[in-house]
Amino acid sequence: MRTRALCAAALLAPLLLLTGGCGIRTTQVPVDAGPAPSRVPCETPDDVATQSGSTLDVHVYLVCRSQLVAVNRSVRLAQDPGESDGLQVAQTLLAELQKRPSDAESDSNLTTSVDRSLRVRDGRGKDPADALRLSREPMDLTAYALAQLICTYAGTVASDADGTVLLGGPSDAEPRRYACTEQLKSAPEAVPTLGTERP
């Protein structure tokens, strides 16, 4: 009986070694039990919050999976927007970008990179009429935050007639013109500028 037990143990030992160390290295990466959150499609929520008073339907660009995605929102304005109300629209849109995404947006993996301390003002001095000045230099923002601003402002009264956006910072440096292109939406790290602008 003792001999059989020893034989059985001798036969089981290699089997335990094979099953215990089956050639797979230990790793801190979790086992794939389904699609990772970064693989979830960037679907914008259907519900758009509407508000009473003077409202404007806009596209606000948020970040999902290293790209920009447009989200429909209705924003409230202090007064009806006119051709000269670019600053009011720019400030309202900036505030939208600084908001924490709604539950529906978060469920769609949408986030924002725009810092809550950022401010926007009218141009000054010899700046063109459509220039906007940020409280930080545009190139000091993260690529995602700058791309969000450019694409959110583009096509509104906060942009030029051709849809480009003229942004400067608090310094005396000339503002630069930016375009919201398909390349920018898909790869915000490469922010194109269209050169400096002067009247």
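**Questions on a predicted model**

Student: Is G155 buried or exposed in this predicted model?

Tutor: In the chain, G155 belongs to the loop between α4 and β5 (165-168). A residue counts as exposed when its relative accessible area is over 50%, and the value computed for G155 is 66%. By that cut-off, G155 is exposed.

Student: How many Å apart in space are G155 and V58, C-alpha to C-alpha?

Tutor: Along the sequence, G155 and V58 are separated by 97 residues. In space, taken from C-alpha to C-alpha, the separation of G155 and V58 is 9.7 Å.

Student: Which residue of β2 is the bridge partner of Y61?

Tutor: Strand β1 (residues 55-64) pairs with strand β2 (residues 67-76) in the antiparallel sense, over 10 bridges. The hairpin of β1 and β2 has 2 residues between the strands, and there R65 takes a positive phi near 50°. For Y61, the bridge partner in β2 is A70.

Student: How many residues of the contact of α2 with α4 are nonpolar?

Tutor: From α2 the contact involves A90, L93, L94 and L97, while α4 brings Q148, L149, T152 and Y153. Of the residues in this contact, no charged ones are found and 2 are polar, whereas the number of nonpolar residues is 6.

Notes
Residues numbered from 1 in each chain as written. Predicted model: local features only at pLDDT ≥ 70, side-chain atom pairs only at ≥ 80, totals over all residues. Heavy atoms only, no water. Contact = heavy atoms within 4.5 Å. Helix = DSSP H or I, 4+ residues; strand = E, 2+ residues; numbered from the N terminus. Nonpolar A, V, L, I, M, F, W, Y, C, P; charged D, E, K, R; others polar. Pairing = 2+ DSSP bridges. Buried < 20%, exposed > 50% of the residue type's maximum accessible area, 1.4 Å probe, protein only.
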